[in-house]
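Please look through the sequence and the structure shown here before reading the report that follows.

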Amino acid sequence: MWPTDEESLVARQRELAATPAEPWTPPDEGLRTGGCWVCFARGQAGPGSAGDPAWTASVAMREGRVLEQHVIRGAAGAAYVPGLLALRLGALMEQAVRALAGRPDVLLVDATGRDHPHRAGLALHLGAELAMPTVGVTHRPLRAEGPWPADRRGATSPLRLGDEVVACWLRTRPGVRPLVVHPGWRVDLHTAVALVSGAARRRTPEPLRRARQAAREARSRADVR
DNA sequence: GCGACAG
DNA sequence: ATCTTGTCGC
């Protein structure tokens, strides 16, 4: 179950941050990569609020092919507050990923891992709840800092929170703003970068792109009706 | 007190 | 997250 208030979420985050997780290594072949994306109604700005209608998509891919995808309709658990994204999206994402009949080996999520006030962002949290290795991919860091990498595909540069490297910039396309890659549940930085880089034909890794497309497509169908 | 702050 | 206009490139 997901916490529904700040106090219990923060308690859970502190607990997760201190929980050791068995390191995971991708299989040599046949890797099934999942992606999950949430979108909200168009035309709204700001942090939103509890109950906002949401479309959450999950996809599973293997060797560049979509194996399966689902979109669920649901409602946001809370307004967006930095550091408390799990209150808004956690339950929605878990439900969408559980709708997949075939469990992905690893899940990509647009959220942070250790780059978080309590070192337990939603990518880490969701992986723990699902008992599934996760990698976070965001447009920018939450709290960590570091300069951009060189303008070459695959170039990386560390993002630090104090002395600790908690994530890194990754240039998936030359001439395009880099992404932030966050090691999540049971995944280390090196593995996370390899997975995202390997899955990114465009700026955004394919499973996340497909999930985003599916969620927005479902929203547009709903808009018309 | 104020701004910054994953989505 | 979402919006906005034009613009550049394949």
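## Cysteines

How many disulfides does the structure hold? In this predicted model, the structure holds zero disulfides. Cys 36 takes part in no disulfide, and the nearest cysteine sulfur to its own, that of Cys 39, is 11 Å away.

The strands of the model include eight that form an open sheet, in the order β3-β2-β1-β4-β5-β8-β7-β6, and their pairing is mixed. The edge strands are β3, which covers residues 65–75, and β6, which covers residues 156–161, and each of these pairs on one side only. From one strand to the next, the twist averages 25°.

Towards one end of this order, β6 and β7 run antiparallel and are joined by six bridges, one of which can be followed from Pro 158 to its bridge partner in β7, Cys 168. The two strands form a hairpin with two residues between them, and in the turn Gly 162 has a positive phi of about 65°. Strand β7 (residues 164–170) also runs antiparallel to strand β8 (residues 179–183), and here three bridges join the strands; the bridge partner of Leu 170 in β8 is Leu 179.

## Helices on the sheet

Two helices can be described by the strands that they meet. Helix α4, made of residues 189–199, packs on the sheet and touches β4, β5, β6, β7 and β8, while its direction makes about 15° with that of β7. Helix α2 lies across β1, β2, β3 and β4, and runs at about 135° to β1.

## A residue in strand β1

Strand β1 spans residues 32–40, and Thr 33 is found in it. Thr 33 is buried, with a relative accessible area of 13%, a value that falls in the buried class because the cut-off for that class is under 20%. If its neighbours within four places in sequence are left aside, Thr 33 is in contact with Val 59, Ala 60, Met 61, Pro 104, Val 106, Leu 108 and Pro 207.

Why can helix α3 be called largely enclosed by the rest of the structure? The helix covers residues 122–130, and nine of its nine residues are buried, so the rest of the structure largely encloses it. Among these buried residues are Leu 122, Leu 124, Leu 126 and Leu 130, and the list also includes His 125 and Glu 129.

Two packed helices are described by the angle between their axes and by the distance between the axes. For α1 and α3, the axes come within 11 Å and cross at roughly 80°, which makes α1 roughly perpendicular to α3. On the side of α1 the contact is made by Leu 9, Arg 12 and Leu 16, and on the side of α3 by His 125, Ala 128 and Glu 129. The residues of this contact divide into three nonpolar, one polar and two charged.

Ala 131 is found in the loop between α3 and β5, and it is exposed, with a relative accessible area of 51%.

Another such case is Arg 119, a residue other than glycine whose phi is positive and near 60°. Arg 119 is found in the loop between β4 and α3, and with a relative accessible area of 28% it is partly exposed.

Definitions and conventions:
Residues are numbered from 1 along each chain as its sequence is written. Chains are lettered from A and ligands numbered from 1 in the order in which they are written. This is a predicted model: local features need pLDDT of at least 70, side-chain atom pairs count only at pLDDT 80 or more; totals for chains, interfaces and linings use all residues. Side-chain values use heavy atoms; hydrogens and water are left out. Buried means under 20% relative accessible area, exposed over 50%, partly exposed in between (1.4 Å probe, protein chains only). Helices (H or I, at least four residues) and strands (E, at least two) are DSSP runs, numbered from the N terminus. Contact means heavy atoms within 4.5 Å. Axes are lines fitted to C-alpha atoms, for helices over the stretch in contact, and angles run from 0 to 180 degrees between N-to-C directions. Angles under 35 degrees count as roughly parallel, over 145 as roughly antiparallel, 65 to 115 as roughly perpendicular and the rest as oblique. Ala, Val, Leu, Ile, Met, Phe, Trp, Tyr, Cys and Pro count as nonpolar, Asp, Glu, Lys and Arg as charged, and the others, Gly among them, as polar. A disulfide is a pair of cysteine sulfur atoms within 2.5 Å. Two strands pair if DSSP finds at least two bridges between them.
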